[in-house]
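Open the model in your viewer and keep the selection panel at hand. The tour starts at the ligand and then moves to salt bridges.

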Amino acid sequence: MATAIVTGGAGAIGRACAAALVEDGWRVVLADIDGAEAEKVASDIGAGVVAAYGLDVTDFAAVHDIAARAQARHGPITGLVTAAGGGRNIALTNGPFIETTPDEWDRNIEVHLNAVYNSCHAVLPLLFEAGKGAIVNTASGAGLRGGPPHLRQRHASVYSACKAGVIALTQAISQEAGPKGVRANCIAPGRTETRAKPIEEMERMQREEEALKPGSGRASPLGRFGRGRDMGDAAAFLMSDRAGYITGACLDVTGGIRLH
Ligand SMILES: NC(=O)c1ccc[n+]([C@@H]2O[C@H](COP(=O)([O-])OP(=O)(O)OC[C@H]3O[C@@H](n4cnc5c(N)ncnc54)[C@H](O)[C@@H]3O)[C@@H](O)[C@H]2O)c1
């Protein structure tokens with residue numbers, strides 16, 4: 001049976017990716033800086049999750065160590081979904097680009113770009129060893145175009161740069177990995193529930209914003225925000241053989257929100 005590592009596996013998107021992969025028959029190894037929450041997610045999902053590790057994905061050596069351990073205990077590893085990040089562990093102030101600080105830039109890049117480098121760097125050799133496999137990196141609608149304005153999203157300028165970097169990195173990896181039987185793609189979520197912000201809270205905030213500025217246009221034409229499950233299904237599709245001829249792609253899962 002195929003085994004995949006899911007980083008950020010305790011988060012809203014990572015958890016949903018893990019659940020969707022398990023439904024598709026994958027065995028899943030969860031890794032998240034919040035190891036206790038990852039354990040809880042593992043017991044919620046049940047038998048398909050074979051391990052839950054506490055892991056800071058910004059730590060290059062630690063990521064390599066967990067990948068090697070997962071391969072030794074549960075391998076061969078043939079899949080990777082990177083879904084760590086979010087604002088939870090990097091306290092960012094809000095403000096326009098010229099008010100961002102180099103320190104905030106570094107922290108954002110660490111968790112949203114360097115961590116993807118670390119994870120792909122550690123897992124790709126295992127996929128090459130297996131001669132097959134798939135990677136799905138979590139980018140963002142913000143990486144498909146610069147923005148949104150900082151009023152909508154904390155540190156949108158730096159965040160956009162990170163996520164555009166994830167998309168380009170994934171495209172480059174797909175070129176090297178294809179001849180070795182490995183595909184690499186991204187999902188680009190739009191406004192989606194998080195651990196800290198469930199859908200109801202997002203809807204409440206939107207009502208407040210609409211009251212301040214009617215027609216502010218933040219909603220998807222589908223009339224709702226993204227659920228973790230929407231992202232999990234998209235990632236599981238890209239990880240599956242049904243996507244066997246898709247590599248280097250970035251699947252827009254913004255519910256059409258980025259078109260306006
Ligand atoms: N929610 C959205 O609207 C949205 C939109 C576009 C992209 N994304 C991206 O999706 C990914 C997942 O975010 P989410 O919405 O599920 O948020 P979330 O806060 O629910 O989950 C993020 C998870 O990442 C973990 N994490 C953070 N820093 C880590 C680190 N250094 N090492 C290991 N784990 C770490 C957190 O503990 C948390 O469990 C992020 O990369 C985020 O940028 C989210």
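Select the shell around the ligand first. Helix 1 (12-23), helix 4 (102-130) and helix 6 (156-177) each give it at least two residues; helices here are DSSP runs of H or I, at least four residues, numbered from the N terminus. This is a predicted model, where local features need pLDDT of at least 70, side-chain atom pairs count only at pLDDT 80 or more, and totals for chains, interfaces and linings use all residues. Residues are numbered from 1 along each chain as its sequence is written, and side-chain values use heavy atoms, without hydrogens and water.

Now show the polar contacts (N or O atom pairs within 3.5 Å). The side chain of aspartate 32 places an N or O atom 2.6 Å from a ligand oxygen. At leucine 55, a backbone N or O atom is 3.3 Å from a ligand nitrogen. At glycine 85, a polar backbone atom is 3.2 Å from a ligand oxygen.

Next, colour the salt bridges (a side-chain nitrogen of Lys or Arg within 4 Å of a carboxyl oxygen of Asp or Glu). The structure has 11.

- Select aspartate 65 and arginine 69: their closest N and O atoms are 3.4 Å apart. Both sit in helix 3 (residues 60-74), 4 residues apart.
- Select aspartate 103 and arginine 107: the salt bridge spans 3.1 Å, N to O. Both belong to helix 4, about one turn apart.
- Select aspartate 233 and arginine 229: the closest N and O atoms are 2.7 Å apart.

Definitions and conventions:
A polar contact is a pair of N or O atoms within 3.5 Å; within protein, one must be able to donate a hydrogen and the other to accept it, and residues adjacent in sequence count only if both atoms are side-chain atoms.
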